[in-house]
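Keep the coordinates open as you read.

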Amino acid sequence: SLRGSMMFEKYDAYKDSGLESFPEIPKNWQLKKLKFLLDEVNIRSETGDETLLSLSKYKGVIPKDSLDERAGSASTLVGYKKVFKHNLVINKMQAVNGLLAVSELEGITSPDYSVYSAKDNSVNIHYIAFLLNQPEYLAEMKKRVTGVMEGFIRLYTDDLYDIKAILPSIKEQNCIVDFLQKKLVEIDQAIAIKEQQIALLNERKQIVIQKAVTQGLEPNVPMKNSGVEWIGQIPEHWECKPSRYAFRAVKRFKRDGTEIKFSVTQKWGVIPTDEMQESATQAVSFDGFQICLEDDLVLNKYKAHLGVFWRAPSRGLITGNYTVFEPLKGINSKYFELLYHTPVYIDIFRTIVYGVIEGMMPLYNNDFYDMLSIVPPLEEQLAIVQYVEEQQKEFSKIERVFLGQIEKLKEYKTTLINDAVTGKIKVA
């Protein structure tokens, strides 16, 4: 099992802590209120020139890139709080969500943050930060924050100071911090490797799909030049012809009341607009909406170069901003959805859309009609679609395994930190 406590020894003896959250703590640990462990740092910037810092839940204290706070002038940052290396920085409003970290940087931060240093050399500030990030301590903060509404709950210094910390000797604090910092780097590296494996898997999937839709499933058929330089060779008996011979744009407005309202998304394709969004636009009449039928190819004409071409799953309503293409005889629109999503076709679309600004680059019907599309015989289109769907299922299965492993590593990390700083395991 990945669970930390199984791989480490326990302390020799435990005692009753008197705390609800940790009934038992190692015998030689103490309980001390945070006011005896921390000093508030409240030194203000006189120039506002220091690096502006921000606090991220996953990255800790980082430089705040955006210039929005400096937009007025440097004088707007005069009076901001100075942060020194090894200060504990806490977002007063978000403390209960674990927005706190030790800074490795010097700089300044908004007065909405509290800044603390270790009171003396019997305290390792990193140990305190690990401890305060534990659910049991976040719950302690939550009990103490003032304010009526979520989001307006400030953690004041006096309330923080009142919390009792469980505290090993400084020697043990240092050991725990060294152990955790080393382990967390190892776990994060393992997670990064899994994430890289997922990225490689998706690349591999793209290659498999592109090969199937541009070269077919038979490895030994005679090939010919497609006439499209980016595609190169295609099977000899396939055709390559302008898309007007595969699709024609249609506008249908006659409704029969059975239509589902669809939205077109870059990630999921044509999907039913969920009830929530529906109710938001309920007052809007559907006058401008058009009908798509099952097997139509629906295009967001401003996002053709991002591959936003999808087969409609059934009869439905979509806004007039989309282009609906009806497949002609011998055309399976799912095959063309796959074809038009390949990197090679996305590059082709990029070259034929007009416009200077991202998001304002429409694909005009005539340009689409003139573009050459690969057209295999219909039965091969169907076989390729089926093959790709099976491949995608296999790839998804492998991806789920990796995602499960990442989840376990993250759980292990959480458990390990909690076990180490609360004395459930002995790492020193």
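**Helix packing and loop residues**

Q: In this predicted model, is the crossing of helix 1 past helix 4 left-handed or right-handed?
A: Helix 1 runs over residues 125–132 and helix 4 over residues 170–215. As helix 1 passes helix 4, the crossing is left-handed.

Q: Which residues make the contact between helix 1 and helix 4?
A: Helix 1 contributes His126, Tyr127 and Phe130. From helix 4 come Gln173, Ile176, Val177, Leu180, Gln181 and Leu184.

Q: How many residues in the contact of helix 1 with helix 4 are nonpolar?
A: No charged residues take part. Three are polar. The nonpolar residues number six.

Q: Are helix 1 and helix 4 roughly parallel or roughly perpendicular?
A: Their axes are 9 Å apart and the packing angle is about 65 degrees. Angles of 65 to 115 degrees count as roughly perpendicular. Helix 1 and helix 4 are therefore roughly perpendicular.

Q: How are helix 4 and helix 9 oriented to each other?
A: Helix 9 spans residues 378–421. Helix 4 and helix 9 pack at about 175 degrees, with axes 10 Å apart. Angles over 145 degrees count as roughly antiparallel. So the pair of helix 4 and helix 9 is roughly antiparallel.

Q: How many charged residues are in the contact of helix 4 with helix 9?
A: The nonpolar residues number 27.

Q: What is the relative accessibility of Thr273?
A: Thr273 sits in the loop between strand 18 (269–272) and helix 5 (275–280). Thr273 counts as buried. The cut-off for buried is under 20%. The relative accessibility of Thr273 is 6%.

Q: With which residue does the side chain of Asp256 make a polar contact?
A: Asp256 is in the loop between strand 16 (247–250) and strand 17 (260–265). Asp256 is partly exposed, at 48% relative accessible area. Its side chain makes a polar contact at 2.7 Å with the side chain of Thr258.

Terms used
Residues numbered from 1 in each chain as written. Predicted model: local features only at pLDDT ≥ 70, side-chain atom pairs only at ≥ 80, totals over all residues. Heavy atoms only, no water. Axes fitted to C-alpha atoms, helices over the stretch in contact; angles between N-to-C directions. Helix = DSSP H or I, 4+ residues; strand = E, 2+ residues; numbered from the N terminus. Parallel < 35°, antiparallel > 145°, perpendicular 65-115°, else oblique. Left-handed = near helix turned anticlockwise from the far one by under 90°. Contact = heavy atoms within 4.5 Å. Nonpolar A, V, L, I, M, F, W, Y, C, P; charged D, E, K, R; others polar. Buried < 20%, exposed > 50% of the residue type's maximum accessible area, 1.4 Å probe, protein only. Polar contact = N/O pair within 3.5 Å; in protein donor to acceptor, adjacent residues only side chain to side chain.
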